Amino acid sequence: MAQTRGIVPALTDNVDKTIFGAIGAQLKELKGSGVYELFNHESSEKKFERHVGIVGFDTVPEKGEGAAYATKLITQGYTKDFTHVEFGLGFEVTQTALEDDQYGQLIKSGQWLAFTARYVQRQKAANVINNGHTTETSPDGGSLFNTAHALKGGGTARNAPATNSDLDVDAISQAIIDITTDTKFESGQIAMPIEGLTLVVPPAYELLADRILFSAGLQGVSDNDRNAIAKVRTWKLVVDPLLTDTDAWTVVATQKSRHGLLHYKRIPISLEEPMTDSRTRNRIYVVRFREIYGAYQWQGVYGCPGA
């Protein structure tokens, strides 16, 4: 469908007015905001990328004097494929509409296409968290946030609370305990504690989260105890309006090498050269990109859907 003069008559009706579109600086602001900024971002030159885990040794047994050494094998862990998804949108405008656009808005279609593409990037990143308790899976086949991740070396581990709860001091305290005791390698060992953590919340939790993480005293109580949550870990707070569950909350390792949230960019956002339809002389503007978001490991992220 082509953009004609009649779709936005204010651009061509010869009446003096102010025309505006809320975009401008937001083009750059969108790209690095919300959940998107937490991801590891890598480029790709393949139609898909494959991550294969390695399972090391679980323990070193005691050995008697002169006894033979026990031997064990390094084995292959879980596999996670990242298959790129293609995105594209076109804008077609008639030659006449371009000629009569008194405010130069239609010629800015490239800005709007770029803005929309970057907004979609934010949505796709946020959806990894939004769907983390359901359709977004970790390499072991279970949901990204799960109370029973199957370890390749045997046993299970979890990155979700045993009992779901809304965000409060006790919930964050339990999350710290769970992350410390249940972040395990596939061979079963407990990983070194994660010192820097990022709390990810929807706007409904922003003020409460700030009080829990950064108050000098313990939040919501009358005594004068210090806020140990703020002392034992280094915290960041990320608020994302594209998180769809208003009482869900997530904790992510701030150091990107400690978590598996991953964005592969096969083709970056590209505004193709404008085309002209040979029959109608309509101008066609298109934006296109190929990429994928997901998690190649569950370790380093912890999620609760709320009570």
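Which residues does H263 touch, not counting residues up to four places away in sequence? In this predicted model, H263 is in contact (heavy atoms within 4.5 Å) with Y36, F39, N40, H41, E42, Q121, E291, I292 and Y293. The structure is a prediction in which local features need pLDDT of at least 70 and side-chain atom pairs count only at pLDDT 80 or more, while totals for chains, interfaces and linings use all residues. Residues are numbered from 1 along each chain as its sequence is written, and side-chain values use heavy atoms, with hydrogens and water left out.

H263 lies in strand β11, residues 261-271. Helices (H or I, at least four residues) and strands (E, at least two) are DSSP runs numbered from the N terminus. H263 is classed as buried because its relative accessibility is 1%; buried means under 20% relative accessible area, exposed over 50%, and partly exposed in between, with a 1.4 Å probe and protein chains only. Its side chain makes a polar contact of 2.9 Å with that of E291 and another of 3.5 Å with that of Y293. A polar contact is a pair of N or O atoms within 3.5 Å; within protein, one must be able to donate a hydrogen and the other to accept it, and residues adjacent in sequence count only if both atoms are side-chain atoms.

The structure holds six salt bridges, each defined as a side-chain nitrogen of Lys or Arg within 4 Å of a carboxyl oxygen of Asp or Glu. One of them joins K72 and D58 at 2.5 Å, N to O. Both K72 and D58 lie in the loop between β3 and β4, so this pair ties together parts that are 14 residues apart in sequence. K72 is partly exposed at 40% relative accessibility, as is D58 at 43%. D240 forms a salt bridge with R122, with the closest N and O atoms 3.5 Å apart. This pair links distant parts of the chain, 118 residues apart: D240 is in the loop between β9 (234-239) and β10 (249-253), and R122 is in helix α3, residues 109-130. D240 is buried at 0% relative accessibility, and R122 is buried at 10%. In the salt bridge between R279 and D277, the closest N and O atoms are 3.7 Å apart. R279 counts as exposed at 73% relative accessibility, whereas D277 counts as buried at 18%.

R281 lies in the loop between β12 (275-276) and β13 (283-295). R281 has a positive phi of about 65° although it is not a glycine, and it is partly exposed at 43% relative accessibility.

Helix α4 spans residues 169-182 and has 14 residues; the distance from its first C-alpha to its last is 20 Å, close to the 20 Å expected at 1.5 Å a residue. The expected span is 1.5 Å times one less than the number of residues. At the start of α4, a side-chain oxygen of D168 reaches to within 3.2 Å of the backbone nitrogen of D170. The buried residues of α4 are V169, A171, I172, A175, I176, D178, I179 and D182. D178 and A157 are 21 residues apart in sequence and 9.6 Å apart in space, C-alpha to C-alpha. A157 lies in strand β7, residues 156-157, and is buried at 1% relative accessibility.
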